[in-house]
Amino acid sequence: MTRFLSDAQTPEHWVERLRGNGIRISARRLREKARTCGQFYCLGRTVFLSPGHVETILGAAAMETHESNRHGG
C-alpha cells in the first residue's frame, strides 16, 4: 500500500509532469484513455494513475497513432 501512496497520482498531476516533458494532453483525455486501457486505480470517484499505468497508456496511444499513420488515417 505504501507504493500506491507514493507512486499513484491524479491525472491532473500527471498532465503537469507530462507537460514538463513536452507532452500535451488534458486530464480528461488521460482519464478517458486510462479507462479505455483499464489502467487506473479508483477510490470513490477519484482516479489515480501509477507510473506504470501512464507508461502503458502512452504506449497504447503511440501504437494507435502509428497504426493510423500506417493505414493513411
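This is a predicted model: local features need pLDDT of at least 70, side-chain atom pairs count only at pLDDT 80 or more; totals for chains, interfaces and linings use all residues.

**Helix contacts and a histidine**

Modeller: Pro11, Glu12, Trp14 and Val15 in α2 meet Ala27, Leu30 and Arg31 in α3, contact being heavy atoms within 4.5 Å. Those residues divide into five nonpolar, no polar and two charged. Ala, Val, Leu, Ile, Met, Phe, Trp, Tyr, Cys and Pro count as nonpolar, Asp, Glu, Lys and Arg as charged, and the others, Gly among them, as polar.

Biologist: Which residues of α2 are buried?
Modeller: Pro11, Trp14, Val15 and Leu18, in α2 (residues 11-20). Buried means under 20% relative accessible area, with a 1.4 Å probe and protein chains only. They cover an arc of only 105 degrees around the axis, so they sit on the same side of α2. The arc is taken from the directions from the helix axis to the C-beta atoms. Helices are DSSP runs (H or I, at least four residues), numbered from the N terminus.

Biologist: What follows α2?
Modeller: Gly22, with a positive phi near 85 degrees.

Biologist: New topic. Where is His53?
Modeller: In helix α4, residues 51-70.

Biologist: Buried or exposed?
Modeller: His53 counts as buried because its relative accessibility is 10%.

Biologist: What is His53 in contact with?
Modeller: Gln39, Phe40, Tyr41 and Phe48, leaving aside neighbours within four places in sequence.

Notes
Residues are numbered from 1 along each chain as its sequence is written. Side-chain values use heavy atoms; hydrogens and water are left out. Buried means under 20% relative accessible area, exposed over 50%, partly exposed in between (1.4 Å probe, protein chains only). Helices (H or I, at least four residues) and strands (E, at least two) are DSSP runs, numbered from the N terminus.
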